[in-house]
Amino acid sequence: MSHLSLSYEVSGEDFTHAGEASSQVKKTLKRLGYSPDIIRRIAIAMYEAEINMVIHANGGTAEVEIYPERVEIVLQDEGPGIPDIEKAMSEGFSTAPDNVRSLGFGAGMGLPNIKKYADDLNIETEIGKGTKILLTFNVA
Amino acid sequence: MQIKEIISLLECDVICGEEQLELDLHTACGSDMMSDVLAYVKEQSVLLTGLVNPQVVRTADMMDMRCIVFVRGKEPDEDIVELAQERGIALLKTRYRMFTACGRLYANGLQGGCEGK
Ligand SMILES: Nc1ncnc2c1ncn2[C@@H]1O[C@H](COP(=O)(O)OP(=O)(O)O)[C@@H](O)[C@H]1O
Ligand SMILES: [Mg+2]
């Protein structure tokens, strides 16, 4: 199987379509025949990161590289950045406003979930500039 | 437990997924916080929730869940139903509240699915 690249714009405007990119990636991985467990791990991690771009950073882009032995996902936004990554990574920490919580997100479990499911998580962030999240999954 | 058994235990209305009523499901999860649902990658097939928005369907889809039960008589709008139909997820609604709905299913053999937790 050759290498496949996918690229998505994630709108920060409407919460309704948040998760569409992750959903497409999941569908593609299924078509390529990866195991359901691996697909679920990738889909959940990307979905949490995509939701984060929508609720915390007014949207961004997602680039997905699918290789036979690994999947790499880069989610990049021009949002406010994350002041304290260690704090942001801790379970239950959230700066999400109440309206986000009433939509079922903002429990402060997103980044911990991502860390749990990705084989590697790398966060580059700069205050006022944005955040870049790199997820790597070993799928062989 | 077949979806039709869930329907009878919770006196559900079927919103969509009529063709799946014989589907046999073993595990469930009840929550209004989607990240809690996403915190366990283990196979879970039914989602009970009081939350009604498209992200409920997307969350269920990411988890490979096959059936969503809206508790407290919550009614999803057309967009939500369409999204569920596209993904082959059955939507049910019950007037039972969360605690009672989960309890009735658990007492009749549906499991939590997260290593017994
Ligand atoms: N892309 C992002 N841009 C800016 N801040 C972010 C981003 N992703 C996460 N954060 C910060 O990290 C916190 C924790 O994220 P997360 O664990 O996903 O919890 P939640 O999204 O439920 O708040 C968020 O509340 C927010 O302050
Ligand atoms: Mg989050």
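This report describes the fold, salt bridges and surface of a predicted model.

## Basis of the description

The model is predicted, with local features needing pLDDT of at least 70 and side-chain atom pairs counting only at pLDDT 80 or more, while totals for chains, interfaces and linings use all residues. Residues are numbered from 1 along each chain as its sequence is written, chains are lettered from A and ligands numbered from 1 in the order in which they are written, and side-chain values use heavy atoms, with hydrogens and water left out.

## Chain B as a whole

Chain B has five helices and five strands. Helices (H or I, at least four residues) and strands (E, at least two) are DSSP runs, numbered from the N terminus. Read from that end, the elements of chain B follow the order α-β-β-α-β-α-β-α-β-α.

The C-alpha trace of chain B spans about 35 × 30 × 25 Å along its principal axes. A compact globule of 117 residues would have a radius of gyration near 13 Å, and the 12 Å of chain B agrees with this. The radius is taken over C-alpha atoms, and the globule rule is 2.2 Å times the number of residues to the power 0.38. Of the 117 residues in chain B, 57% are buried. Here buried means under 20% relative accessible area, exposed means over 50%, and partly exposed lies in between (1.4 Å probe, protein chains only).

## A helix in chain A

Helix H2 of chain A covers residues 36–57 and includes Ile38(A). Ile38(A) counts as buried because its relative accessibility is 15%. Met53(A) stands 15 residues from Ile38(A) along the chain, and the C-alpha atoms of the two are separated by 23 Å.

## Salt bridges

Over all chains, the structure holds 14 salt bridges. The term denotes a side-chain nitrogen of Lys or Arg within 4 Å of a carboxyl oxygen of Asp or Glu. One of them joins Arg101(A) to Asp98(A), at 3.8 Å from N to O. Both residues belong to helix H4 (residues 98–101) of chain A and are three residues apart, about one turn of the helix. Arg101(A) is partly exposed at 31% relative accessibility, whereas Asp98(A) is exposed at 60%.

In chain B, Arg95(B) and Glu11(B) form a salt bridge of 2.6 Å, N to O. This pair links distant parts of the chain, 84 residues apart: Arg95(B) is in the loop between strand S5 (90–93) and helix H5 (98–107), and Glu11(B) is in the loop between helix H1 (3–10) and strand S1 (13–16). Arg95(B) is exposed at 56%, and Glu11(B) is partly exposed at 42%. Another salt bridge connects Arg87(B) with Glu86(B), at 3.1 Å from N to O. Arg87(B) is buried at 17%, while Glu86(B) is exposed at 57%. Salt bridges with shared partners also join Lys26(A), Arg40(A) and Asp64(B) into one network.

## A negative surface patch

Asp77(B), Glu78(B), Asp79(B) and Glu82(B) form a negative surface patch. Patches consist of residues with over 30% relative accessible area and no salt bridge; like charges are joined within 9 Å, and nonpolar side chains (Val, Leu, Ile, Met, Phe, Trp, Tyr) within 5 Å. Glu78(B) lies in helix H4 (residues 78–86) of chain B and is exposed, with a relative accessible area of 66%.

Definitions and conventions. Areas by Shrake-Rupley, 256 points an atom, 1.4 Å probe, with all protein chains shown as cover. Lys, Arg positive; Asp, Glu negative; His and termini not counted. Charge placed at Lys NZ, Arg CZ, Asp CG, Glu CD.
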